Amino acid sequence: MLSNSWNNVLDWFRDRSERSKLVRSFNESARNSFVGGIAPTLLKTKISKGERAYKHQFSNWLNTGYRIQAFTGRQLSKDELMHIGKVILNDETLVRKLVVLGWDTLEIHGDEGTYGCRWQLKDYMPLPKFNQE
Amino acid sequence: MNDTLIQDSLKLAEKVVAKTVENNDSSNFWMWVAIGEFAVIIGFVLAPRFKIKPTAKQLFKEESIAKNVDFNNILNSSFHSNELYDILKVKCHPDRFPTDPMLNEIAEKLFQEITKSKTNVKRLQELKIEAQQNLNINFEKL
């Protein structure tokens, strides 16, 4: 029991580190793409509150949203926001990683206010039923 | 004379007792060190036997975290996959090769793959090269 709790503590710290690593890697690539002229707008990822209705077996208690927000550059249309979302959801590796690290909501937001789109991540990755084992 | 003898022998006895107690303390200390070392060694030997096996959920998590994500491709695809897809879907459509059944079959497979990878620029670029080689398509002139 003691070693189980200890492992849980270690897992929690490792998950935190992996989550911030994922966010940092995206932001770095987005910055490089914007500077290199590949992306017309600067995208930035941050961890948001998320939607509790979308929770799954890996979901965290708090902050379960993976939000990508458009910053400087030109304003993105709704179609472009939808397309960015589709690109991310079609990347199986990224979706799987997001799910196991406790995120359950993908949000793509425009530059202003809360204008954007939101997806339920578990719809894009069939999760095995571990709890029934 | 007798008194001094008794006093001397008493002092000597005290010294002997003190020396013996001192020796016992040090031997006790080293005995406990040895017991501690033995316990540590036993712990190391037995630890793998009592190690908790990771559950299927933990294994699934480990496996998912170990994979690398190509963010550069994701960002490139977010803004440029549509243009490339539009070009490829027109140029590699099977209806453009109605006379040659072999080319038609290649185009059919390629077209299916293009549709499947419409949001992945890296894969679309690979398919573009494949189309140039297998279907002799010139992408320079539209």
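**Two chains, helix by helix**

Reader: Where H3(B) passes H5(B), is the crossing left-handed or right-handed?
Author: Left-handed means the near helix is turned anticlockwise from the far one by less than a right angle, and right-handed means clockwise. The helices here, like the strands, are DSSP runs numbered from the N terminus (H or I, at least four residues; E, at least two, for strands). On that test, H3(B) passes H5(B) in a crossing that is left-handed.

Reader: What sort of model is this?
Author: Residues are numbered from 1 along each chain as its sequence is written, with chains lettered from A and ligands numbered from 1 in the order in which they are written. Local features need pLDDT of at least 70, side-chain atom pairs count only at pLDDT 80 or more, and totals for chains, interfaces and linings use all residues, since the model is predicted.

Reader: Back to that pair: are H3(B) and H5(B) roughly parallel or roughly antiparallel?
Author: Helix H3 (residues 71-91) and helix H5 (residues 121-135) of chain B have axes 8 Å apart, at an angle of about 30°. Axes are lines fitted to C-alpha atoms over the stretch in contact, with angles from 0 to 180 degrees between N-to-C directions; under 35 degrees counts as roughly parallel, over 145 as roughly antiparallel. So H3(B) and H5(B) are roughly parallel.

Reader: Which residues of H5(B) does H3(B) meet?
Author: Residues are in contact if their C-beta atoms, placed from the backbone, lie within 7 Å. From H3(B) come B:Asn73, B:Asn76, B:Ser77, B:His80, B:Ser81, B:Leu84, B:Tyr85, B:Leu88 and B:Lys91. Their partners in H5(B) are B:Val121, B:Lys122, B:Leu124, B:Leu127, B:Lys128 and B:Ala131.

Reader: And are H4(B) and H5(B) roughly parallel or roughly antiparallel?
Author: In chain B, the axes of helix H4 (residues 101-116) and H5(B) come within 11 Å and cross at roughly 175°. B:Leu103, B:Ile106, B:Ala107, B:Leu110, B:Glu113 and B:Ile114 of H4(B) meet residues of H5(B) including B:Leu124, B:Leu127 and B:Ala131. The angle therefore makes H4(B) and H5(B) roughly antiparallel.

Reader: Over in chain A, what pattern do the elements follow?
Author: Chain A has 3 helices and 4 strands, and its C-alpha trace spans about 55 × 25 × 25 Å along its principal axes. Of its contacts between residues at least 6 apart in sequence, 60% join residues at least 24 apart. Read along the sequence, the pattern is α-β-β-α-α-β-β.

Reader: How many of the 9 residues of H3(A) are buried?
Author: A residue is buried with 20 or more other C-beta atoms within 10 Å of its own, exposed with 12 or fewer, and partly exposed in between. In chain A, 31% of the 133 residues are buried. The buried ones in H3(A) are A:Leu94, A:Val95, A:Arg96, A:Lys97, A:Leu98, A:Val99 and A:Val100. That helix is largely enclosed by the rest of the structure, because its buried residues number 7.

Reader: Is A:Leu81 buried or exposed?
Author: A:Leu81 is found in helix H2 of chain A. Leaving aside neighbours within four places in sequence, A:Leu81 is in contact with A:Leu76, A:Ile108, A:Gly110, A:Gly116 and A:Cys117. Because A:Leu81 has 20 C-beta neighbours inside 10 Å, it counts as buried.

Reader: How far apart in space are A:Lys55 and A:Gln120?
Author: A:Lys55 lies in the loop between strand S1 (41-48) and S2 of chain A, and is partly exposed with 17 other C-beta atoms within 10 Å. A:Lys55 and A:Gln120 are 65 residues apart in sequence, but C-alpha to C-alpha the distance is 8.5 Å.

Reader: Last one: which element gives the largest share of the side of chain A that touches chain B?
Author: The contact takes 26 residues from chain A and 21 residues from chain B. On the chain A side, helix H1 (2-35), helix H2 (78-90) and helix H3 (92-100) give two or more residues. The largest share, 8 residues, comes from H1(A).

How values were computed
Contact = placed C-beta atoms within 7 Å. Parallel < 35°, antiparallel > 145°, perpendicular 65-115°, else oblique.
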